[in-house]
Each structure stands twice: as structure tokens, then as C-alpha cells.
Amino acid sequence: MSATPEASATPVVTPSLEASATPSVVPTSEVIVTPAVTPTPTNTPTDSKDNKEGLGKDDSPLGEGALEEVADEAITSSDSDEGPAGAVFGKLQAKMKKNTKTSISLKWKKISGAKYIVYGNKCGKNNRFKKIKTVTSTSFTQKKLKKGTYYKYMIVAVKDGKVVSTSKTIHIATKGGKVGNNKKVTLNKTKKTLKVNKTFKIKAKTKPVSKKLKVKMHRAVAFESSNENVAAVTGNGTVKAVGKGTAYIYAYTQDGAMAKIKITVK
């Protein structure tokens, strides 16, 4: 017990306080004296987020607010056919505009003041996304493609060096082969009113551009809510009323064909 006050070397610590102060003073001084040993800044799961200030508001590299260069690195280094996390459908609603045997045209929603970076490649996990072009319009056409082949694309809307929104990956086939694309998706309802905590199952059906061409599934019909504080939706289309208000649930195919249902929660 006599060694404790000598280690702290604090003039204000009196002998009368040794008995009660020693248990708390010793471990505290140990932590303070050895800050370099503390591994938290480099070993915790949140470290990459803390060090990468370029991540978006949702802590993803493609989310709103992410730095352009961070999004670029994440997309071009991803070995996933769907790309990294953070992409959403609702803001850009990217989809196929037109296709020929050797070209694919894309289009998307306008975001005021933004430029758009187009990434793409042939479908397949071994074919990583490449930056194709940066445009200011809301459409893009890639030429000199192979016929009857699926290609994948992502659109990143950027303003002032930061991501405004990143589109979901869209998979589109060129003409001239045995594979094709979806023409549209239809739902069992166009609007639905629910009470809080009640659920509703969306049933979606797709229609191909041609019955003679097989749509090779890269991704099933996906669902997204415009406001999860009003209505949340699961991957299989089950909607749950969360809070009063109005929201839209988007149902979209791998090539961007979309239908939506208006959910009113009372």
C-alpha cells in the first residue's frame, strides 16, 4: 500500500485518502500513463468509419455525402456483381432506355446541379465495374458491345465532389442472342391503406420484352420504401405500417422496369 502514492506522485493526495482512493487511482493512472498501448483506434470495427471521413451519412461508400473518390474506389474494387453497399433505387430510378445488337442506352431521374458518373462492364463477378464516362445529361449510350450479352451499370450522381445518390445496379442484355430484358412489372395493388403495425404483401409479376427470349435472372424483383418511417418493406415485398403518413413502395426489376404502390398509414 505504501507504493501507491509513490507511483502517482501527486502532491495533493494525502495519507488519509490512501485507503479509499487507491483502488480507483491505480487503474486510472495506468490507462493514462500508457495511451500508446490502447488499441481502440486501430482495432475496433468503427475505426474504418472514423478514419474514412469520406463515407456517406449511412456509413457506406456510396451513400449520400460520400466523397467522389471514395465511391469510385469502392465501385471499381468491388468483386460483387451488384456493387458495394449504399446504392438506392428511388432517387435516380436508372433503367434501360433502348438496346440494339451493339449498344445499350440508359436513362435516369435528374438531380439539380449534379453530374453523373457511369460505371459498367459485362455481367459477372470476375468483371469489375469500370468508370466509363462522366456526363451532365440524364442519359447515356454505350456502343460497340457484343450481341446477346448482359452488361451491368451503376450511375453515381455527384455534386461538389460528394455523392448525392448512387443507383442500384441494372443488368441489360443486348439484342441478337437468346436472352432478353423485362418490359414491365405489375403489382396486385396500386394503393393500400393500413393501420399502424399492420402488414400487406405485395405480389409482383414481370413481363418480358419478348416471350421468345429468356430473361436470365441476375436479381429478383426488389422493393424499396420512399419513407421507412411510414412504411417499411422486406425483401419479399411484405409491407409493414410504421407511422402515420404516406409513402411509396417501389418494385423494380434488374433492368430498371418499375411499378409503385402508394401506402397510406392511418
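This is a predicted model: local features need pLDDT of at least 70, side-chain atom pairs count only at pLDDT 80 or more; totals for chains, interfaces and linings use all residues.
Me: Why is Asn236 called partly exposed?

Reply: Its relative accessible area is 46%. Buried means under 20%, exposed means over 50%, and partly exposed is in between (1.4 Å probe, protein chains only). Asn236, at 46%, therefore belongs to the partly exposed class.

Me: Which residues are in contact with Asn236, leaving aside its neighbours within four places in sequence?

Reply: They are Lys201, Ile202 and Phe223, where contact means heavy atoms within 4.5 Å. Lys201 stands 35 residues from Asn236 along the chain, and their C-alpha atoms are separated by 8.2 Å.

Me: What makes the pairs of Asn236 with Thr234 and with Thr238 polar contacts?

Reply: The side chains of Asn236 and Thr234 are joined at 2.4 Å, and those of Asn236 and Thr238 at 3.0 Å. A polar contact is a pair of N or O atoms within 3.5 Å; within protein, one must be able to donate a hydrogen and the other to accept it, and residues adjacent in sequence count only if both atoms are side-chain atoms. The distance of 2.4 Å is therefore within the limit, and so is that of 3.0 Å.

Me: How do you know that Ser225 is buried, and what does its side chain reach?

Reply: Ser225, in strand 13, has 11% relative accessibility and therefore counts as buried. Its side chain reaches the backbone nitrogen of Asn227 at 3.1 Å, and a polar atom of that side chain lies 2.5 Å from the backbone oxygen of Ala231. Not counting residues up to four places away in sequence, Ser225 touches Ala231, Val233, Ala247, Tyr248 and Ile249.

Me: Why do strand 10 and strand 13 count as edges of their sheet?

Reply: The sheet is open, has 4 strands in the order 10-17-16-13, and shows mixed pairing. Strand 10 (191-194) and strand 13 (222-225) each have a single partner strand, so one side of each is left without a neighbour in the sheet. Neighbouring strands of this sheet are turned by 25 degrees against each other on average, direction ignored; axes are lines fitted to C-alpha atoms, for helices over the stretch in contact, and angles run from 0 to 180 degrees between N-to-C directions.

Me: What is the state of Val265, buried or exposed?

Reply: Val265, placed in strand 17 (residues 258-265), has 3% relative accessibility and so counts as buried. Beyond four places in sequence, its contacts include Leu194, Val196, Val230 and Ala241.

Me: What makes strand 1 and strand 5 edges of the other sheet?

Reply: This open sheet has 3 strands in the order 1-2-5, with antiparallel pairing. Strand 1 (95-99) and strand 5 (139-142) each have a single partner strand, so one side of each lacks a neighbour in the sheet. Strand 1 pairs with strand 2 (residues 104-107) over 4 bridges in the antiparallel sense, and Lys98 has Ser105 in strand 2 as its bridge partner.

Me: How do you know that the buried residues of helix 5 line one face?

Reply: In helix 5 (residues 68-77), Glu68, Val70, Ala71, Ala74 and Ile75 are buried. Seen down the helix axis, they fall within an arc of 165 degrees, so they line one face of the helix; the arc is that of the directions from the helix axis to the C-beta atoms. These residues pack against strand 3 (115-122), strand 6 (150-159) and strand 7 (162-166).

Me: How many helices and strands does the protein have, and what share of its residues is buried?

Reply: The protein has 5 helices and 17 strands, and 40% of its 266 residues are buried. Among contacts between residues at least 6 apart in sequence, 61% join residues at least 24 apart.

Definitions and conventions. Residues are numbered from 1 along each chain as its sequence is written. Side-chain values use heavy atoms; hydrogens and water are left out. Two strands pair if DSSP finds at least two bridges between them. Helices (H or I, at least four residues) and strands (E, at least two) are DSSP runs, numbered from the N terminus.
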